[in-house]
Amino acid sequence: MPYEGEFASYRSLNRISQTDRVKSLLTKARVISPDATAAALTPKQAPPAPAGTSAFAVAIDGSYAEVPVKNGYPGAHVGYVTVASVLLNLRDQAQLDEQRPINPVEFRKTEQAATVDAALPGSNIVTREHRSARAAFREAVFEVFHDAVVDSEDPSTLLDTFKHLLGFKPKSNPQKCPHDGCDEEFVIGPATTTCPSSRHCRVYPTDALRIHERFEEVGSNGEAFGLVMQTWERVLLVHLLRCFERRNWLEGVGNLAFFVDGPLAMFGPPAWLSAAISKELKRLNVIVRQKTGNDLVIVGIEKTGAFVTHFDEIDPSETPGELRFAPRMYAMLTDKYIKQRISLSDSDRRYGQDTYFGRKFFYKTASGARIVASIPFLDDAQDTLDTDDVSLYPQFANVCGTLDRLVSSRFPNALSPIVSAHSHAAIPLHLGTKVLQQLAKALMTRKA
Ligand SMILES: [Zn+2]
């Protein structure tokens, strides 16, 4: 294993792959023949985009960095986690893009103002009266949720939304007291403040995320910070929708597409949130259907990973220079295809059963970009990977049309123009803490 920061070069990787031990392992490993892949996935023509595709998009995109700090203790680090929510006016975007390309440096300045961000203790950072860096980290995670008010006219916090989701968590799975040195096991609910032992350890509702169990007192905490970011992004999505509901704005949501960075899933110890988010999205969608006659538009975009690699690998056909996916073609991925071709498994359990609240598809945009996206399960019929029938998803045509519009030919194979707040191509409107007021204003103007 290389030391941290030391990357094996191509040459040395090649040398490893030639060793007898690796060769003998590979002779036992299954090999997928390219022909079988071609047979199993048939790209289909996307349905034509409806006349009224989404007028606005909200992109939620987080990032984190682990930064060394000098506090007198060796190896001390803090994590800096930011989640940006950006509103894009899709109708005006192409025009604005031509008229005034935004200077990325200038954009970054505004981005700073608009993001919700937090510094979290890393290894060897002990704050206040805490006894360990882990305890300090737990408190900071709680405070991030507690302090985050997205809309200045709606006092509800991300913590309120998180507690609502926590209410859906099954009570059957007690966890160990998060306090170091206490072995009490109990269920953390929305109202839990102490552990039931005689020690009455302080407990936060956010301890139910169990991210602190991945926290290292010594060494890197990239994983823990990544989990905070992932949780924050997805809870923010639900939070925005619940703010809409409270203000009776869900009827305007038909004009709006939500984009989330990464798959519609929750991984690691907070994976239980996936089922809770799914339940809440299905509940909200019932109201949206009543008000708009259609479903919510929520799209997860993967920029890296096995599915992105796989799409890149299968797109070229046997004929050199010819691609299997023509522009506006898609393939909805089934459980069978994923297990046979991408994430090798003989399990009877559905792929991503405990982690995903949506399903993936490949899409080639009108401009020729390859997109790995996922859409949520918004009712029980949609909650399947058995079929590639897109008629289950009434917004599928709108999603493809919106992706066509969002992916500029100048940025092939990347949705970064929308999802990444780092791009200068796609930010005509910027929301930040007043996200909801501005959005409401925009939606009302459209209606008039
Ligand atoms: Zn305890």
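The model is predicted: local features need pLDDT of at least 70, side-chain atom pairs count only at pLDDT 80 or more, and totals for chains, interfaces and linings use all residues. Residues are numbered from 1 along each chain as its sequence is written.

Start with the whole chain. It has 14 helices and 13 strands. These are DSSP runs, numbered from the N terminus: H or I of at least four residues for helices, E of at least two for strands. Of the 448 residues, 41% count as buried. Buried means that 20 or more other C-beta atoms, placed from the backbone, lie within 10 Å of the residue's own. Now take contacts between residues at least 6 apart in sequence: 73% join residues at least 24 apart. A contact here needs C-beta atoms, placed from the backbone, within 7 Å.

Next, strand 10. It spans residues 297-302, and six of its six residues are buried. Both faces are covered. Val-297, Val-299 and Ile-301 lie on one side. Ile-298, Gly-300 and Glu-302 lie on the other.

Strand 10 has pairing partners; a pair requires at least two DSSP bridges between the strands. Strand 9 (residues 256-261) runs parallel to strand 10, joined by five bridges. Ala-257 stands opposite Val-297 there. Strand 13 (residues 370-376) runs antiparallel to strand 10, with three bridges. In that pairing, Glu-302 faces Val-372.

Strand 9, helix 9 (residues 272-292) and strand 10 form a right-handed β-α-β unit. Right-handed means that, with the strands pointing away from the viewer, the path from the first strand over the helix to the second runs clockwise.

Key
A residue is buried if 20 or more other C-beta atoms lie within 10 Å of its own, exposed if 12 or fewer, and partly exposed in between; C-beta atoms are placed from the backbone. Two residues are in contact if their C-beta atoms, placed from the backbone, lie within 7 Å.
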